[in-house]
Amino acid sequence: MTAIHQPTARDFGLLCGDMTPGTRNTLADVAGVTIGHFTLKDKTLNTGFTAIRPHGGNLFHDKLPAAVEVINGFGKSAGLVQVEELGTLETPILLTNTFGVGTGVNALIRRAIAESPEIGRSTGTVNPVVMECNDGYLSDIQAMALTEQDAISALELAVESFEQGGVGAGAGMSAFGFKGGIGTASRVFELAGGQFTLGALVLANFGRPGDLMLPDGRKPHPKDLKAPNDGLPVERGSVIIVLATDVPLDSRQLKRVAKRAGAGIARLGAYYGNGSGDIALAFSTAQTIPHAAESDFVAREMITEGKIDLLFKAAAESTQEAVLNGMISADPMRGFKGHKRQSLREWLRLASHTV
């Protein structure tokens, strides 16, 4: 598929750390990972689904090690309890608006049953993972307009080269008073003489106007935003972070890596406010876990703890850059009830007279 060229943080000289980005600088730099969007934009609606497929096979039969870090739990995501308990991921991940979670859950269950008819009959049930943010400022969230087919469409459209910004689940999101949305970035590094990757994808819908700290030290002031005062003196947004890596890690190590996504969010000026749902999920594609193991014991490989700092740093840097990429890629929007959001891209162009 033809590469998609969108403006990113690096186009404006905004560098997050000093590690090397992957070829695409996206989550899809982790081999086998694909992303798809379904976007619904119609009058008062700006919403959708974003699907992350960790590998192209049957995830129920060939699960992946995974972990969740709840930075602040003001959220309504589904499936996280079992990921926390068992340390595995057995469906693709859907991102959507808060009131679309149930629809996404049903879509993932129906899809899993179609692939594995034994689910819920001769074997256990399936754990669908759907994560959310509230897009009600720019979209009529009460319309509950998304359908199961919309979620399936996002899954079926999953590819390696995908859009960022106000697309899919990010269509109606806001961040730091600007237009938010889907953003992504990655880092590559060496271990045991080989090259490995960690990528981040975020659904950015968090941060108070005036709190954003750019990597070069600039802070856009609320008076610079071409939008009315939201009347929100406290943090009431959310951010979902999905981390993927091809490094072999167990679920305990993945939880440690997921925790470092919070460092990337903090670098941007966020403080995980009371009303903010800040959640990170991390998975590794290095080894699958069979649903029906033939042996009583399964041999697993995992990184030496003394080398895990590489992944901690990559998680912080890629999360920080992913948020900025999503904000810069997003176009300005007038949405539900005439609410407006300026693009960070516009602010940067006015402020620095660059790209």
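Modeller: Let us begin with burial: a residue is called buried when its relative accessible area is under 20%, exposed when it is over 50%, and partly exposed in between, with a 1.4 Å probe and protein chains only. By that rule Ser 329 counts as buried, because its relative accessible area is 6%. Before we go on, please keep in mind that this is a predicted model, in which local features need pLDDT of at least 70 and side-chain atom pairs count only at pLDDT 80 or more, while totals for chains, interfaces and linings use all residues. Residues are numbered from 1 along each chain as its sequence is written, and side-chain values use heavy atoms, with hydrogens and water left out.

Biologist: In which element does Ser 329 lie, and which residues does Ser 329 touch?

Modeller: Helices (H or I, at least four residues) and strands (E, at least two) are DSSP runs that are numbered from the N terminus, and Ser 329 lies in helix 6. Contact means heavy atoms within 4.5 Å, and when residues up to four places away in sequence are not counted, Ser 329 touches Gln 6, Pro 7, Gln 164, Gly 165 and Arg 345.

Biologist: What does the side chain of Ser 329 reach?

Modeller: A polar contact is a pair of N or O atoms within 3.5 Å; within protein, one must be able to donate a hydrogen and the other to accept it, and residues adjacent in sequence count only if both atoms are side-chain atoms. Here the side chain of Ser 329 reaches the backbone oxygen of Asn 325 at 2.9 Å.

Biologist: Is Glu 321 buried or exposed?

Modeller: Glu 321, which is found in helix 6 (residues 309–329), is buried, since its relative accessible area is 0%. Its side chain is joined to that of Asn 25 by a polar contact of 2.9 Å. Leaving aside residues up to four places away in sequence, Glu 321 touches Arg 10, Cys 16, Asn 25, Ala 185 and Arg 187.

Biologist: How many aromatic pairs does the rule give?

Modeller: Rings of Phe, Tyr and Trp (its six-membered ring) pair if their centres lie within 6.5 Å, and planes under 30 degrees apart count as stacked, over 60 as edge-to-face and the rest as tilted. By this rule there is 1 aromatic pair. The rings of Phe 176 and Phe 206 have centres 5.0 Å apart and planes at 65°, so the pair is edge-to-face. It links distant parts of the chain, with Phe 176 in the loop between strand 7 (174–175) and strand 8 (178–179) and Phe 206 in the loop between strand 10 (194–205) and strand 11 (238–245), 30 residues apart. Phe 176 counts as buried because its relative accessibility is 1%, and Phe 206 is buried with a relative accessible area of 2%.

Biologist: Which residues does Ala 270 touch?

Modeller: Not counting residues up to four places away in sequence, Ala 270 touches Phe 176, Phe 206 and Ile 265. Ala 270 is found in the loop between helix 5 (261–267) and strand 12 (277–284), and with a relative accessible area of 11% Ala 270 is buried.

Biologist: Which rings have a charged end over them?

Modeller: A charge sits over a ring if NZ of Lys or CZ of Arg is within 6 Å of the ring centre and within 35 degrees of the ring normal. The charged end of Lys 63 sits over the ring of Phe 60, 4.1 Å from its centre, and that of Arg 260 sits over the ring of Phe 312, 3.8 Å from its centre.

Biologist: Finally, how should I read the protein as a whole?

Modeller: The protein has 7 helices and 15 strands, and 57% of its 355 residues count as buried. The radius of gyration is taken over C-alpha atoms, and the globule rule is 2.2 Å times the number of residues to the power 0.38. With 355 residues a compact globule would have a radius near 20 Å, and the protein has 19 Å, which agrees. Among contacts with a separation of 6 or more, residues 24 or more positions apart account for 80%.
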